[in-house]
Amino acid sequence: MASCKKARMKDAAFRRLVSLALITVFGVVLLLVLLRTNTVSNLINSYTNESTESFESIEEAKDTITHLTRIPKLPLQNELSIILSKRNQMPPRNLDLYPKLAKDHVVIVLYVHNRPQYLQIVIDSLSRVEGISETLLIVSHDGYFEEMNKIVEGIKFCQVKQIFAPYSPHIFSDGFPGVSPKDCKDKDDPVEKRCEGTPDQYGNHRSPKIVSLKHHWWWMMNTVWDGLEETRHHSGHILFIEEDHFIYPNAYRNMQLLAELKSKKCPDCYAANLAPSEVKSRGEGWECLVAERMGNVGYAFNRTVWRKIHKKAVEFCSFDDYNWDITMWSTVYPSFGSPVYTLRGSRTSAVHFGKCGLHQGHNRNVACIDNGGVNIVDEIDKVANIKPEWEVRKYEHQAGYKAGFKGWGGWGDVRDRELCMEFAKMYI
């Protein structure tokens, strides 16, 4: 009996020792993770509470530690990156003016870079959109630029929330994802130059300003759909527009109609668009709806479609093209196994007006605005001009990027591809 009692005591002591060891490991891992995100105060509270309670079982402790290993390995944040991450958690502005959102609201996400001249035009156009006060506008910044921030802070026509890509190359001046002193440039030979980097399929090394386009879009999508308190449970459509998209007054009402009609009128349609896929087109003017290939001006889809896109993270992150839209057309959409259509009206409700490149149009003295593209709103475009009874005309075999296109390059560096995959894990 004594030997059995001693054996039980040893077994109990061993279990306590194992539990203590597991709790210690858990604490160390949690410490490292939270230090990376600079949530030290949260760390102290969570670790204190956790250390006063034992796990129900050793297996539970193992499961907890295993889960922690899935946490994305994001770059070490600098001071600005940490500040931006915290700002992303702030509630929307103008809640005092617009305390409630409409039941059937379509969230609008405006993603911007550093073209304040463009942004001001888009904001002015949004201010005249019918129904804009009923919804939430999220402005996603590729890094932080004070003039862009001030323009958005001046919005008073709806709830507005700003988010800032905390891993944008624009906020890392001395290391990846920005420029690192050891980075290879142009067509450098890594062995000969003793530099770091993986060239793309054309032998060119990464350009941080260029790869930021794809990084920002992918980070934004993951954050909006799965990371923000305001949208991670949103079951409806989310409309995405860019800083050089002029939005017509009827755009929001038309999109509400398209979102409602899509499943009934076009079961093959994954999304809805405010504009034709051919950016120079203003539409056909027919009395019918149009189903065609996905466009990149004013597009909206729901969570079901986002889940399909998210499952193709490997395809998206490994395709050697720095353009998010060409990547989607050339590899993600084709991988769905069936044609990917979008539903739109036969008159456009948004136009692309920029004439300068993404990183050229920030100088107010440069004529980068196509004035003809922002002064063409007819009376018919001020109110919803889509009829629920209209039939759908489908375009099949349209020109454009398709499966088999190998990409324009610019996305060959292993580090960019790995960071892209880590963004896909942020909220899993």
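So, which residues of α9 are buried? Hold that thought while I say what we're looking at. This is a predicted model, where local features need pLDDT of at least 70 and side-chain atom pairs count only at pLDDT 80 or more, while totals for chains, interfaces and linings use all residues. Residues are numbered from 1 along each chain as its sequence is written, and side-chain values use heavy atoms, with hydrogens and water left out.

Okay, back to α9, which covers residues 251–265. Helices here are DSSP runs of H or I, at least four residues, and strands are runs of E, at least two, numbered from the N terminus. The buried ones in α9 are A251, Y252, N254, M255, Q256, L258, A259, L261 and K262. By buried I mean under 20% relative accessible area, with exposed being over 50% and partly exposed in between, using a 1.4 Å probe and protein chains only. The helix also bends by about 25° at A259, the bend being the angle between axes fitted to the seven residues ending there and the seven starting there.

Now the strands. Look at β2, residues 136–141: six of its six residues are buried. On one side you have L136, I138 and S140, on the other L137, V139 and H141, so to speak both faces are covered. β2 runs parallel to β1 (residues 107–112), joined by five bridges, and I108 sits opposite L137. Two strands count as paired if DSSP finds at least two bridges between them. Getting from β1 to β2, the chain goes through helix α5, residues 116–127, in a right-handed β-α-β crossover. Right-handed means that, with the strands pointing away from the viewer, the path from the first strand over the helix to the second runs clockwise.

On to β3, residues 159–164, which pairs with β2 in parallel over six bridges. L137 turns up again here, with V160 as its bridge partner in β3. β2, helix α6 (residues 146–153) and β3 form a right-handed β-α-β unit too.

Last topic, cysteines. How many disulfides does a search of the whole structure find? Three, taking a disulfide as a pair of cysteine sulfur atoms within 2.5 Å. C184 joins C195, and the torsion about that S-S bond is about 100°, so it's right-handed. C266 joins C269, right-handed as well, with a torsion of about 70°. C317 joins C420 at 2.1 Å, S to S, and there the torsion is about -70°, so that one is left-handed. C317 lies in α11 and C420 in α13, so this pair ties together parts 103 residues apart in sequence.
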